[in-house]
Amino acid sequence: MVQADELNMVIEAHRRAIRSAHRLMLILVPQDIDSTSAMVAELEAQGLRYVRWSAGGYPEETTQVLLADTYGEMGLWYRLAPVTLMASSLTTGHGGRDPYEPAALGSAIVYGPNVSRHLSSYSRFARAGAARLVRDAPSLAAAILRLNAPDQAAAMAQAAWDVATEGAEVTDKVLEKIEEILDRRSLSDAGA
């Protein structure tokens, strides 16, 4: 969910990272589908090889960017990406995105300093070693390269999963109790 004012930073980080790991592919999801044409223009200006998901594009070995310009498929991208930049956090004014989705779907989390709407969540993930703060294109590229090592991304994704599912047993027990109460009410209402 990259904001238009974050695009150049994300592209610069990707260009830096592919110098060392030329097979990396960026899955670029625009925050606003209406900004897709501007993103395409920037990708072309940067000389990056890209495909558009909405046009039926399918990545090949040399694809550098998959422009995921459709709605409703974030779960797919989180599952495919070993590392997710939680955009809307690199520049001010957007407040960040909820980190629980990628954590629950197995992706390591990288985020910018502007996560005011979800600060407590990011703090929990960071304390557990489940998320890494980046501030700019060089630190984003460095984090991506470090997490490109499968053991690093897996360890971080596992820590994120642990944080995301913490308390799940208690939630399940509470839901069971609620269901029991509702079942009893249904039975007593049926008898009345």
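Which side chain of opposite charge is nearest to glutamate 6, and how far away is it? I shall open with that residue. Please bear in mind that this is a predicted model.

Glutamate 6 is buried, yet it has no salt bridge. The nearest side chain of opposite charge belongs to arginine 97, and it is 7.6 Å away. If we set aside neighbours within four places in sequence, the residues in contact with glutamate 6 are Met1, Ala87, Ser88, Ser89, Leu90 and Thr91.

Let me turn to the sheet. Here 3 strands form an open sheet with parallel pairing, in the order β4-β5-β6. The edges are taken by β4 (83-86) and β6 (131-133); each has a single partner strand, so one side of each is left without a neighbour in the sheet. On average, neighbouring strands of this sheet are turned by 25° against each other, direction ignored.

The pairing can be followed residue by residue. Between β4 and β5, the latter being residues 108-111, there are 4 bridges in the parallel sense. Valine 83 has alanine 108 of β5 as its bridge partner. On the other pairing, β5 and β6 run parallel and are joined by 3 bridges. There, tyrosine 111 is partnered by leucine 133 in β6.

Strand β5 is covered on both faces: Ala108 and Val110 are buried on one side, and Ile109 and Tyr111 are buried on the other. Helix α5, residues 119-127, lies across β4, β5 and β6, and runs at about 125° to β5.

My last topic is helix α2, residues 36-45. Which of its residues are buried? They are Thr36, Met39, Val40 and Leu43. Viewed down the axis of α2, these buried residues fall within an arc of 100°, and they therefore line one face of the helix. Ser37 and Ala45, on the other side of α2, are exposed. The cover over the buried residues of α2 includes helix α1 and the strands β1 (26-28), β2 (50-52) and β3 (65-67). Just after the helix, glycine 47 adopts a positive phi of about 70°.

Thank you for your attention.

Key:
Residues numbered from 1 in each chain as written. Predicted model: local features only at pLDDT ≥ 70, side-chain atom pairs only at ≥ 80, totals over all residues. Heavy atoms only, no water. Buried < 20%, exposed > 50% of the residue type's maximum accessible area, 1.4 Å probe, protein only. Lys, Arg positive; Asp, Glu negative; His and termini not counted. Salt bridge = Lys/Arg side-chain N within 4 Å of Asp/Glu carboxyl O. Contact = heavy atoms within 4.5 Å. Pairing = 2+ DSSP bridges. Helix = DSSP H or I, 4+ residues; strand = E, 2+ residues; numbered from the N terminus. Axes fitted to C-alpha atoms, helices over the stretch in contact; angles between N-to-C directions. Arc of directions from axis to C-beta.
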